[in-house]
Amino acid sequence: MHKQIQEALLIGKKDEVEKLVDQALASGLSAGSILNQGLIVGMERLGVMFKNNEVFIPEVLVAARAMNAGMAKLEPLLIKEGIKPKGSVVIGTVKGDLHDIGKNIVAMMLKGAGYKIIDLGIDVSPEKYVAAARENRASIVALSALLTTTMVQMKNIVEAVKATGLGIPVIIGGAPVTRDYADQIKAQGYAPDAASAVEEVGRLLTR
Ligand code: B1M
């Protein structure tokens, strides 16, 4: 059943994922096992395929929609089962920047990997990141920028998060962003794509 859920997710069959999740629950599988061995493994497989250029943005978006549909069915049960998220991620596109497709994919992949996502959307000020990080006791703050003119905002946010003294790491990414730039502005994490972002967040939170 888990395998069938993964396969339906990989081809973005939202209705099929919903139907299979219902069937899996009816057959007595726990919401936690459906999440971890079905949906999350499916999303991990998709992440690898995306990284290897075997699937592209449109496929990722439809799979993400299917993942969300499956998650929506499981969410109330997971809360009842007491499955704790791996950590909470405050994510957004930096101030002045309206590009959100990549950020949404990163958020979706992280959600698929079991993190709680607090998505602040686009054009997010340093103050807003910091307030959301405090309010949600964030494990990590994730910044996306697509413009060379807005990636400079990342430095302000890294500094603002550091100034809270909460010790929350910051991960950055987006087309113009590089590992060198992350080092330069002292961001703890960097990832070139969504699948690597999941790996990098995992690495930063188990340090
Ligand atoms: Co804009 N735009 N755009 N645009 N746009 C680019 C980025 C540009 C490269 C196009 C070009 O000139 N060739 C260029 C930037 C040049 C530069 O600064 N280097 C550009 C420009 C100039 C502009 C405007 C200034 C144009 C204008 O108005 N004159 C304007 C700026 C608006 C603003 O933000 N203030 C503008 C506007 C727009 C639209 C609104 C029309 C639209 C955005 C719609 C939306 O996002 N909802 C748009 C789009 C679609 C693009 C292109 C065509 C595609 C971007 C995209 O979604 N890619 C883009 C050209 C291009 O990239 N080929 C372009 C797909 C997406 C999945 O990839 O976002 O890179 P990406 O995300 C990847 C990775 O980067 C990474 O993972 C993702 C998945 O693998 N990643 C992270 C992203 N965030 C991450 C965070 C992480 C880790 C990894 O950790 C937290």
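A quick definition before you click: donors here are N, O and S atoms within 2.8 Å of the metal (3.2 Å for Na, K and Ca), and water is not among the atoms, so sites may look incomplete. You're looking at a predicted model, where local features need pLDDT of at least 70, side-chain atom pairs count only at pLDDT 80 or more, and totals for chains, interfaces and linings use all residues. Residues are numbered from 1 along each chain as its sequence is written, and side-chain values use heavy atoms, with hydrogens and water left out.

Start at the ligand's cobalt atom: its single donor from the protein is His99 (NE2), 2.2 Å away. His99 sits in the loop between strand E1 (88–93) and helix H5 (101–112); helices (H or I, at least four residues) and strands (E, at least two) are DSSP runs, numbered from the N terminus.

Next, select strand E4, residues 170–173. Val170 and Ile172 on one side, and Ile171 and Gly173 on the other, are all buried, meaning under 20% relative accessible area with a 1.4 Å probe, protein chains only.

Strand E3 (residues 140–144) pairs with E4 in the parallel sense over four bridges; pairing takes at least two bridges found by DSSP. Look for Ser144 opposite Gly173. Over on E5 (residues 189–190), the parallel pairing with E4 has two bridges, and Ile172 stands opposite Tyr190.

Last stop: Lys186, in the loop between H8 and E5. Its phi is near 65°, a positive value in a residue other than glycine. Lys186 is exposed, at 61% relative accessible area, where exposed means over 50%.
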